[in-house]
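Here is a short tour of the side chains in this model. Have the sequence and the 3D view at hand as you read.

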Amino acid sequence: FRRQIGAAVAVAGGERIWAGIGAYQNTVEGTLSKIRQARALGAGGLILFSYDWMVHDGGRVGGRSYLERVAEGIFGGR
C-alpha cells in the first residue's frame, strides 16, 4: 500500500491521488493505519470500500458501525 501510494504521488502529485482502501478487508485499526499512511505520503484524498459493508455488515461494536469507529479514530468522533 505504502509503496503504491508513494509511487503514484511521486508521478502525479498528491492532490491528484486519492488512495483507495479496501476497508472490508481490514480491521478498523488496519484501515486507520492506511489512512494515516496515505495522508503522510501526501495523497489528496481517500476512498473507502465498501460502504454497505462498513455501515451494515462490518459489525457493530458498542452500538457503532465500522464506519463510525473509523470516523472516531481519525476525526475524533465527528
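## Before you start

Buried means under 20% relative accessible area, exposed means over 50%, and partly exposed is in between (1.4 Å probe, protein chains only). This is a predicted model: local features need pLDDT of at least 70 and side-chain atom pairs count only at pLDDT 80 or more, while totals for chains, interfaces and linings use all residues. Residues are numbered from 1 along each chain as its sequence is written, and side-chain values use heavy atoms, leaving out hydrogens and water.

## The aromatic pair

Searching the whole structure turns up one aromatic pair (ring centres of Phe, Tyr or the six-membered ring of Trp within 6.5 Å; planes under 30 degrees apart are stacked, over 60 edge-to-face, the rest tilted). With ring centres 4.7 Å apart and planes at 65°, W53 and Y66 are edge-to-face. W53 is partly exposed at 22% relative accessible area, whereas Y66 is buried at 3%.

## The nonpolar cores

Y66 also belongs to the largest nonpolar core, together with I21, A23, V28, L32, I35, M54, V70 and I74, nine residues in all. Such a core is a set of buried Ala, Val, Leu, Ile, Met, Phe, Trp, Tyr and Cys residues joined through side-chain atoms within 4.5 Å. A second, separate core has six residues, including I5, V9, I17 and A38.

## The salt bridge

There is one salt bridge (a Lys or Arg side-chain nitrogen within 4 Å of an Asp or Glu carboxyl oxygen). E72 and R64 form a salt bridge, with their closest N and O atoms 2.6 Å apart. E72 is partly exposed at 38%, and R64 is partly exposed at 29%.
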